[in-house]
Amino acid sequence: PPNSAAMSFLGDSKAKEGDGATKTAFDDNNFKDLLNSLGMSAYRKDKDKLKRITAVCSAHTLTCKQTLELVKLTKGCNTDVAVVCYGSLADKENFKKEVVSTFQWEEEKTEIAEKISKKYGEKI
């Protein structure tokens, strides 16, 4: 059977669980395309942006820098975007410093930490 990277993650439970080792890095060109597409009318609603970002995260690893750009672009659902992207980070050790610290309100920072703890069983 064909064993392309695109197909292999679909049946891989680790990819669904957010194991970065089974995913491919999201390169800069594709990331720019994603940012542009999220600005289109098809993604006007926050839930649609979140659904698109969740799909990307299921197949790719992201960096904290990329996650921060997505967080900035998704004001209405940015805490959820941060949590979804966390599961796909290649550099989780930088998440608190580079992403969470940019949130203005303590409540948002607490919400992100609690959701990550609940969803991934990890403490940030």
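Colleague: How many helices and how many strands are there in the protein?

Modeller: There are eight helices and two strands, where a helix is a DSSP run of H or I with at least four residues and a strand a run of E with at least two, each kind numbered from the N terminus. This is a predicted model, in which local features need pLDDT of at least 70 and side-chain atom pairs count only at pLDDT 80 or more, while totals for chains, interfaces and linings use all residues. Residues are numbered from 1 along each chain as its sequence is written, and side-chain values use heavy atoms, with hydrogens and water left out. From the N terminus on, the elements run α-α-β-α-α-β-α-α-α-α.

Colleague: What makes helix 5 roughly antiparallel to helix 6?

Modeller: The axes of helix 5 (residues 64-73) and helix 6 (residues 78-86) come within 8 Å and cross at roughly 155 degrees. Angles over 145 degrees count as roughly antiparallel, those under 35 as roughly parallel, 65 to 115 as roughly perpendicular and the rest as oblique, so helix 5 is roughly antiparallel to helix 6. The contact, meaning heavy atoms within 4.5 Å, is made by Thr67, Leu70 and Val71 of helix 5 together with Asn78, Val81, Ala82 and Cys85 of helix 6.

Colleague: What makes helix 6 mostly covered?

Modeller: Eight of the nine residues of helix 6 are buried, namely Asn78, Thr79, Val81, Ala82, Val83, Val84, Cys85 and Tyr86. What covers these buried residues includes helix 4 (46-59), helix 5, helix 7 and helix 8. Across the protein, buried residues make up 39% of the 124 residues.

Colleague: Why is the aromatic pair of Phe26 and Phe31 called edge-to-face?

Modeller: A search of the whole structure finds three aromatic pairs, and in the pair of Phe26 and Phe31 the rings lie 6.2 Å centre to centre, with 90 degrees between the planes. Rings of Phe, Tyr and Trp (its six-membered ring) pair if their centres lie within 6.5 Å, and planes under 30 degrees apart count as stacked, over 60 as edge-to-face and the rest as tilted, which means that Phe26 and Phe31 form an edge-to-face pair. Phe26 and Phe31 are both buried.

Colleague: What makes the pair of Tyr86 and Tyr120 tilted?

Modeller: The ring centres of Tyr86 and Tyr120 are 5.6 Å apart and the planes stand at 50 degrees, so the pair is tilted. This pair links distant parts of the chain, with Tyr86 in helix 6 and Tyr120 in helix 8 (residues 106-120), 34 residues apart. Both Tyr86 and Tyr120 are buried, and ring pairs link Tyr86, Phe95 and Tyr120 into a cluster.

Methods:
Axes are lines fitted to C-alpha atoms, for helices over the stretch in contact, and angles run from 0 to 180 degrees between N-to-C directions. Buried means under 20% relative accessible area, exposed over 50%, partly exposed in between (1.4 Å probe, protein chains only).
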